[in-house]
Amino acid sequence: MKKQRARVAFLLAFLIIGTFRILATQPDDVSIKEYVKEIKTLFRKQLWERGKAKLDEASRLYDSNSQLLGLCGQYWYHRKDYEKARYQLGKALIEDRSNNAARQILVNIEEETHNYSSAICYINELLEEQPYSYPLWIRKIEMYRKQGNTEEAIRMLKRLRTIFPNNQSLNTRASQVYEEQYQEEIKRDKRPSAISTIENLLTINKKECYFADLTGLYLKEGNNDRAITIANMGLGYFPNSCLLLKRKIEVLTKLSRYSEAITLLKEKLPRNPKLRTLYNVLIVEAAQFNQKNDPYTLYGIAYENRNKSEETLNYLLNTALTRGYTDDAIYYLREARKRYGKTKTLLYKEYQLYSRMGDESRSYSILQTLYNSFPQDQDISDLMQESCLKRASQLMAKSDYTEALEYIRIILHRKGNDEMTEKALEYSITCYQALSRYEEALSTLKILSRDYPDHPSLIEKEALILDKMDRTPEALELLYNSIQNSPQEKASKYADSYEEISIPYIKHLTENGATLAVQREAQRLLQVSPHSNPGLHYIVNATATLGRYDIMQHYINTGRILYPSDLFFRIKQAFWLNQNTQYQAARELLHNDIGYYRNNKEVIGMFTQSSILYAQQLSGKQNRNEAIAILDTALLYNPGDKELRYNKGLIFEKMRQYDSAYYYQKFYIPAFAEQAQFSGHLRELQYSSSQNEARFSYMQSHYNDSYEIMSVATAEFSHKKQHDSYTFTANYTGRKGVEENYLLSDSISQGGTGIQLQAEWAHQLSKSYNLTLNAAWANRFFPTCSFNSTFSKSLQADMEVGIHIGYKRLASDENLWIAGPTISKNWEKIWANTKLEIYRMQSSFYYNASLQSRLYVGNNKHSNLSMITGIGSAPEISILNNALPSTFSHMNTMVGLGGQYLLSHNLTAGLTGTWYTYYNQTATNTSYKNLYNVYVQLSVAL
């Protein structure tokens, strides 16, 4: 009894110890954020090498973190090693496309290495996140300038000035770009273009040299009147400019207006004596020209000699105005006002004079006086409307829409010229839209439609206003109906407006997850504009999300025909092929693109997904070496992808290369709920990857009607290689003598101890075929000698079939031959095996059929619950192997339950109980007996 209690106590202690898990974890002393913060601080303090050392330390722990890769790129950028910097920053963007800090440094690198196109591409990506970032727009413009694409730089500047109308630095940049374009046009002798460019320059920056150059250009073009007007305007801004004075003198002499030129120089001589030489030359030229008398000069002399008649004054004033003698005209106007007062005629002439001089403020003030004094004069009213319209246009160009509306109201207050009124209504709509006063814009548009039904773009304007009022569906419906009811030319314009409004609306729907609405709107857009590239993109994405792959394929084919170079449609075609299990075709479709678009996240992602699916398909068909090659190819292009590594590890696991399986699967990051199971699976892989394993087991048996105990202790050692494994086993038992049993020999019934030694060799013949051979010898109780061989074949769907043949020389000196088939099936969580054994002994045949199953727990094969049952005219083979009592020719049954658990990466414990019922015959009694067995196992990976 004491021995039995000791055994029970030992068993309980062992089970309690076995319930504790040994967890091997490695604490994370420093988080990524702390590393990043410390490294940035060191870089900011210019401690670059210390920062690099800390960066290397962090990278060893987090080898694929985007922030760390970006900091590594920043370090190499500081060292001017642009290739290394570009490589590290590119990897940072592969890991995290939202890493704009890395993208900013890449812009710097591409600019410094003169790869301006690449720099522009990275700036475009930044603008997708920050569409109204002024510095980014400016930098993009600078890239185009450095690239020599001045035309695009100017186009973007114009657009940017509408977005930031009051930005002085933007005007300065615009001036610089116009200046460069102007110099280029002068070199190529493109005078009309140069004139247009320099006039644009003057709207931004009224510089002395610009007025001078523009005067010279008009002079060369033969537009003398415009040349003198520009010169006068310039002198209005720069009255003491010698350059402009000389330009005006040049124009005056070309027009043979020497008198005015000499008078102008006389006034300037006291302040600038250097003009004396020019004055002397001009006197000689004037003398030669004025050999004939000029009536204007004669009248002027007469007027100075006090012949100030009305006729003389009128002639001098009209001639001065006609010839553009600005100073003379001002003088004679002053003289006329003294004589006649502010008459309508004089005010109108004064208005004309200041208008020609470009003095808009003075001319508008005079026109207001005329308009207020003579409101019924239609000509003056028309001039007033024209002037207000012009001033409104100028204010709108400066984004001063509120002030512009004041001038527009003056035009609309007095309806006169229909053309002016129509234009004023159009301007007012523009102003209301710019001020976000959409209700007023819509009301004004209705007036414009009522009074001027032939005005162009009425439908487009209404649709645009409705869109701004968040009534986009109404806007689109309006355009759609107009397209259906309009001739081809108008319908085409409406279609352009429809696409312009529809695309942002569909994008908004996409961002809000309204996928059905996206499909509906994209289909209508393609009905209106069948070649819309964004529309095709949106509908392909929407149908993919909704699982409408038949519709998706139709639009993919359309996109590939219309836009054969658009990578998007090839990526989506690969996605469609994946959905239809055509994984190999998907990979082949992207094979050329993956080499060309090495940094394209979408291409790499789809190629990776297709490779994983194709590799899984190949693995299921037992083509696992080919599957590994597929994943290796994908890893060349996406080396940091954890899914690729994980799937490669899964295939290595199926190939029983557990060390490789552990290496690749450990990179996988499971969900929080999966962490415990995944850690257990990694421990299993570590356990299975060990080349050596020691196993110890203890079996204890007793009858239901007796306390008599039988035990077997086993020690086993295995050594594994790539295709072979070798196992050596030693079994020991000690038996008490038993009552006389006709089924047992004398040597067994007398009791004693027995030892059995066994050797086994398992060899993998190929990826599908396996062979196992073993041989054993024993002195007592166990079969004296035994030989066994098993041949098996792996099938698809994780099935295996086999056949085994064996021989045993029983302790009773009888020969036992064994043969039979076996079949097993492995599911994700369940393994099942059924086996039939045919025995031949003493010219008689017997059988035993058994079924065994395991339920895996903890996401690893070494932790499981098991069940076994068997029935037959012969005992189950383990009964014979452990030298337990058994009978032939009578029904034997057996059931068992058990389990084992992976305690750590190198330790597994198991417990199993079986109940064996067999026929028992003694000298005095014949009956069935129950034998209960308990197995305790402990395995250690070395």
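In this predicted model, helix α30 (residues 533-546) and helix α32 (residues 567-579) pack at an angle of about 15°, with their axes 11 Å apart. Because angles under 35 degrees count as roughly parallel, α30 is described as roughly parallel to α32.

**The packing of α30 and α32**

- Two packed helices are described by the angle between their axes and the distance between the axes.
- Sorted by class, the contact of α30 with α32 has six nonpolar, three polar and one charged residues.

**A salt bridge inside one helix**

- Lys54 forms a salt bridge with Glu57, and the closest N and O atoms of this pair are 3.5 Å apart.
- Both residues lie in helix α3 (residues 48-61), and because they are three residues apart there, Lys54 and Glu57 are separated by about one helical turn.
- Glu57 has a relative accessibility of 31%, and therefore counts as partly exposed.

- Arg524 forms a salt bridge with Glu477, with the closest N and O atoms 2.8 Å apart.
- This pair links distant parts of the chain, since Arg524 is in helix α29 (residues 515-528) and Glu477 is in helix α27 (residues 472-484), 47 residues apart.
- Arg524 counts as partly exposed at 25% relative accessibility, and Glu477 is also partly exposed, with a relative accessible area of 34%.

- Asp632 forms a salt bridge with Lys648, and here the closest N and O atoms are 2.3 Å apart.
- The two partners link distant parts of the chain, with Asp632 in helix α35 (residues 624-637) and Lys648 in helix α36 (residues 642-654), 16 residues apart.
- Asp632, at 30% relative accessibility, counts as partly exposed, whereas Lys648, at 6% relative accessibility, counts as buried, because buried means under 20% relative accessible area.
- Elsewhere, salt bridges that share partners join Glu38, Lys54 and Glu57 into one network.

Conventions: Residues are numbered from 1 along each chain as its sequence is written. This is a predicted model: local features need pLDDT of at least 70, side-chain atom pairs count only at pLDDT 80 or more; totals for chains, interfaces and linings use all residues. Side-chain values use heavy atoms; hydrogens and water are left out. A salt bridge is a side-chain nitrogen of Lys or Arg within 4 Å of a carboxyl oxygen of Asp or Glu. Helices (H or I, at least four residues) and strands (E, at least two) are DSSP runs, numbered from the N terminus. Buried means under 20% relative accessible area, exposed over 50%, partly exposed in between (1.4 Å probe, protein chains only). Axes are lines fitted to C-alpha atoms, for helices over the stretch in contact, and angles run from 0 to 180 degrees between N-to-C directions. Angles under 35 degrees count as roughly parallel, over 145 as roughly antiparallel, 65 to 115 as roughly perpendicular and the rest as oblique. Ala, Val, Leu, Ile, Met, Phe, Trp, Tyr, Cys and Pro count as nonpolar, Asp, Glu, Lys and Arg as charged, and the others, Gly among them, as polar.
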